[in-house]
Amino acid sequence: SLVFWVITVQAGGGLIVALVVKYADNVVKTFTASLAVVFGSVMSMFVSGFRPNGRFVVGAGCVVSACVMYARAPKGRQKDVLPTTHKGGI
């Protein structure tokens, strides 16, 4: 029963990542994966009694705050990190 749920959650996560990559950029995909780790750890606190240490709490706080800062950034101020290529040449 537990194996079935683990496989189902992993498959659902894979489908969600595929949708994120299709409709968003790689930065959003990275933030999504990071939030999934934090969310999975929080869920395991309730399911299996996981108790996070201080380092985990600080890391999870950094992940959540980075996601919030990225989401709230003004759209005009975001710039490309990598150069883009144009079909018309240089």
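User: Is Ala-33 buried, exposed or partly exposed, and what is its relative accessible area?

Analyst: This is a predicted model, in which local features need pLDDT of at least 70, side-chain atom pairs count only at pLDDT 80 or more, and totals for chains, interfaces and linings use all residues. Residues are numbered from 1 along each chain as its sequence is written, and side-chain values use heavy atoms, without hydrogens and water. Buried means under 20% relative accessible area, exposed over 50%, and partly exposed in between (1.4 Å probe, protein chains only). Ala-33 is therefore partly exposed, its relative accessible area being 42%.

User: Which helix holds Ala-33?

Analyst: Helices are DSSP runs of H or I with at least four residues, numbered from the N terminus. Ala-33 belongs to the run covering residues 26-47, helix α2.

User: Which residues are in contact with Ser-41, leaving aside its neighbours within four places in sequence?

Analyst: Ser-41 also lies in helix α2, and because its relative accessibility is 14%, Ser-41 counts as buried. Contact means heavy atoms within 4.5 Å. With neighbours within four places in sequence left aside, the residues in contact with Ser-41 are Phe-50 and Phe-56.

Key
Helix = DSSP H or I, 4+ residues; strand = E, 2+ residues; numbered from the N terminus.
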